[in-house]
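Welcome! Keep the viewer open and try each task yourself before you read its solution.

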Amino acid sequence: MLEVKGIYKSFGEASVLKGIDATFEPGKTSLIIGQSGSGKTVFLKTLLGLHIPDKGTISYNGQTTESMTIEEKRQLKQDLGMVFQGSALFDSLTVEENVMFPLKMFTNQSKSEMLDRVDFVLKRVNLKDSNHKFPAELSGGMQKRVAIARAIVTNPRYLFCDEPNSGLDPRTSIVIDNLIQEITDEYQITTVINTHDMNSVMEIGEKIIFLKDGLKEWEGTSNDIFKTDNEAVVSFVYSSNLFKKVRKVYLEE
Ligand SMILES: Nc1ncnc2c1ncn2[C@@H]1O[C@H](COP(=O)(O)OP(=O)(O)OP(=O)(O)O)[C@@H](O)[C@H]1O
């Protein structure tokens, strides 16, 4: 369980997060949506500890990050997996070396233990026979799978994904969404995804948080999002004619 209470974050004069409360549960995929500049990436980076909040608390499994000892913080780092925008693989390393990287950083495993674990997670994301390829030799969807494999290789309890579908075609996006959701359920991970992708909202929106100007404007499920009359949500989600029609049909049923 990940709990956020009254999170504020400013950069100089610019106030980006203005008091966000949220709870994220194990085994659930939660989505953060909102317009460009609403603070989604800053929020995700704050959850991950890459930004220190000016005010507010972040609790992992009931313990605030402030109250953790250095050893507990080190353990927490191992429990956090991240899929960055654009995959962020190391171009000069092979798939195997990319996925092994967090194991080298955070564990004392032997080379053969690491190789076994790398093989296991690569199989789990349906990437076999790619161990010795370089990222440039893979398609965008395959690179995302490598990024997901790297994020889950340390068996994290929390997984953060920033725009995991950016640059992918709609079909591959759904495959990646489903993969993240399956892994979340299978390993009971607490997963938080930033997305612009309305297909993701409809497909895997078990819990959706809509940010507006650094505040949580709305929260609900993909079913709720059809019924809401929150003007900001409706104008953001149903900006395309296709989704306007989908909503109309849903409401008429
Ligand atoms: N390190 C930083 N220093 C100063 N300002 C920042 C920094 N990081 C983000 N910001 C500002 O915070 C605001 C929110 O940015 P953020 O990247 O969180 O938006 P976003 O909702 O993720 O947008 P997008 O959907 O376009 O990725 C922006 O105005 C941005 O300029």
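This is a predicted model: local features need pLDDT of at least 70, side-chain atom pairs count only at pLDDT 80 or more; totals for chains, interfaces and linings use all residues.

Residues are numbered from 1 along each chain as its sequence is written.

**Exercise 1. Find the residues around the ligand and sort them by type.**

Step 1: Sort them, counting Ala, Val, Leu, Ile, Met, Phe, Trp, Tyr, Cys and Pro as nonpolar, Asp, Glu, Lys and Arg as charged, and the others, Gly among them, as polar. The shell holds four nonpolar, six polar and one charged residue.

**Exercise 2. Which element gives the most to the shell around the ligand?**

Step 1: Take helices (H or I, at least four residues) and strands (E, at least two) as DSSP runs, numbered from the N terminus. The chain has 10 helices and 10 strands.

Step 2: Strand S2 (14-24) and helix H1 (40-48) each supply at least two shell residues. H1 gives the most, with three.

**Exercise 3. Describe the span that UniProt annotates as "domain: ABC transporter".**

Step 1: Locate it: the annotation, from an unreviewed entry, covers residues 2-238. UniProt positions are given in the numbering used here, feature names are shortened, and annotations may be inferred rather than shown by experiment.

Step 2: Describe it: this span is 40% helix and 25% strand, and its end C-alpha atoms lie 30 Å apart.
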